[in-house]
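The following report describes a single protein model, moving from its overall make-up to selected local features.

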Amino acid sequence: MAAADRQMTEERNVPAQAAISAVGCAAQTSAMARGACPSLSAPMATGDGLLVRLRPTTPGLTIPQFRALADAAGRHGNGLIEITARGNLQLRGLTADSVPGLAADIDCAGIVPETGVTIEVPPLSGLDLLELANARDVAARLRRQIAELDPQPILAPKMTIIIDGGGRLTLDALSADIRLRAARAGDGSILWTLATGGTARTAKRVASLPAERAVSAIIDLLGMLAQRGPRARGRDLDAAELRQRFHISRSDGGDTDEQALSPVGIHRLPDTGLILGLRPRFGQIHANDMLRFLDIAEHRGANEIRTAPDHALLLLGLDEVSVGMLQSTAADLGFQTRADDPANHLQLCSGAGACASAFYATRAVASQAIDLAPELLDGSLAMHLSGCRKGCAHPGKAGLVLVGAPMGYGIVVNGSASDEPLAYIGKDELKSALARMGGLVRNNKAAGESAEECLTRLGTDAIVTALRQG
Ligand code: SF4
């Protein structure tokens, strides 16, 4: 952290600490004892210390709650706050000694992290009139039924259920073990499509059920997974067997939303008002900057912040005038505020300096990619900058992947970070390679063609040749 940042952290900590002490917090000594959050009780070791990931039980946080969280991130960690691709919050740079204090501050702020099986719903569920059915209600019903199970099923630690009522911001692109998607039946009623193992496009559809039966069907599936053992995942379930069980004859995939909207930008919701979606630069922000932004956002009238997939934040409570002013201020502070910002199409992990496994500084390379190869970032393909082959930021395929390697960078086209690279480039060759890739698209793109279509037409040989031209 730069000296100026450290100084600002100290400056910012004083009022927040005072505010917390002023309200008093009996919970400060009890948070860890309750073991409220597995992530808090079992933080993950990374290159910059321990990392804690959390998802609040409430749809969003109030501005004072987010302020308390940012303050705690600076006080107990290195101040870095991340919004993950799934919309979880991550705090970095903690130590074994500082985690209990963080947990206490989170508890004191009234933030209750979710525990148990992860159940995700779209960030605007319950507010969005385009939503076919309220996914948050169904999720709450499912949570209650899971909590009542005795004995509790022992499931894979990363077991994830998605419940998606449709609407503006869907979770179609996220993978899940089990997913429910609302759909309107021919008679106008709402049914929930139950599918297993994958994204909305790739998951295997196994049933189409009314809400009550859909919840009990998920309980059945969790029982089956528990019987298979603590490593069983949704993809391990036999879809054909499940279709028979639920009397469905169709074997097509789940519903998809090809027109998925970016969370970044201004969303107009009747009855709710205007919502500003933005993304901290490459999904990460320092607590000092967040605190500064929160003061401005509160002044402009924002009263709630929700995290959203794709590393985004949604600010609620704004009006026609304030939303534009806040968007402009956020852009000045380095947030990505436009849906067409080329940076939105970069997926990157924490990289060197934050993760011990990283072979390169992903954020620095992201800036170079924007400067040197904007032609690649037209939104038609995802560009994944992965510090190593693990591919934390984007486990699936991406149009172009730069994978960190001991000798430099591996280049994967239309694959994942763990795939064998098409070619390697040395550490000193990156800038010229990026420029050549950008030039390849710029010089060969036909009218109306996207970067992805252009690269697909040119083929991998042309890409490798361009990369190797020195
Ligand atoms: S992909 Fe590798 S370098 Fe990046 S965060 Fe994951 S483990 Fe670390």
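## Overall make-up and local features

Of the 470 residues of the protein, 53% count as buried, where buried means under 20% relative accessible area, exposed means over 50%, and partly exposed lies in between (1.4 Å probe, protein chains only). This is a predicted model, in which local features need pLDDT of at least 70 and side-chain atom pairs count only at pLDDT 80 or more, while totals for chains, interfaces and linings use all residues. Residues are numbered from 1 along each chain as its sequence is written, and side-chain values use heavy atoms, with hydrogens and water left out.

The protein has 13 helices and 19 strands; helices (H or I, at least four residues) and strands (E, at least two) are DSSP runs, numbered from the N terminus. Among contacts between residues at least 6 apart in sequence, 63% join residues at least 24 apart, a contact being defined by heavy atoms within 4.5 Å.

A search of the whole structure finds 2 aromatic pairs; rings of Phe, Tyr and Trp (its six-membered ring) pair if their centres lie within 6.5 Å, and planes under 30 degrees apart count as stacked, over 60 as edge-to-face and the rest as tilted. Phe293 and Phe335 form a tilted pair, with 4.6 Å from centre to centre and 45° between the planes. Because Phe293 lies in helix H9 (residues 287–299) and Phe335 in the loop between helix H10 (320–332) and strand S15 (346–348), this pair ties together parts that are 42 residues apart in sequence. Both Phe293 and Phe335 are buried. The ring centres of Tyr360 and Tyr409 are 4.8 Å apart and their planes stand at 65°, so this pair is edge-to-face. Tyr360 lies in the loop between S15 and helix H11 (362–372), whereas Tyr409 lies in strand S18 (residues 408–415), so the pair ties together parts that are 49 residues apart in sequence.

Relative accessible areas for several of the residues discussed in this report are collected below.

| Residue | Relative accessible area | Class |
|---|---|---|
| Tyr360 | 4% | buried |
| Tyr409 | 8% | buried |
| Glu120 | 2% | buried |
| Asp310 | 27% | partly exposed |
| Asn414 | 52% | exposed |

Glu120 lies in strand S5 (residues 118–120). Leaving aside neighbours within four places in sequence, Glu120 is in contact with Arg55, Arg86, Thr160, Ile161, Ile162, Ile163, Leu171 and Leu174. The C-alpha atoms of Glu120 and Ala135, which are 15 residues apart along the chain, are separated by 9.1 Å.

Strand S8 (residues 190–198) and strand S9 (residues 204–209) pair in the antiparallel sense over 5 bridges, two strands being paired if DSSP finds at least two bridges between them. S8 and S9 form a hairpin with 5 residues between them, and the bridge partner of Leu194 in S9 is Ala207.

Some backbone details remain. The peptide bond from Asp150 to Pro151 is cis, with omega near 5°, and Pro151 is placed in the loop between helix H6 (135–147) and strand S6 (160–164). Asp310, although not a glycine, has a positive phi of about 65° and sits in the loop between strand S13 (304–308) and strand S14 (312–318). Asn414, also not a glycine, has a positive phi of about 50° and is found in strand S18.
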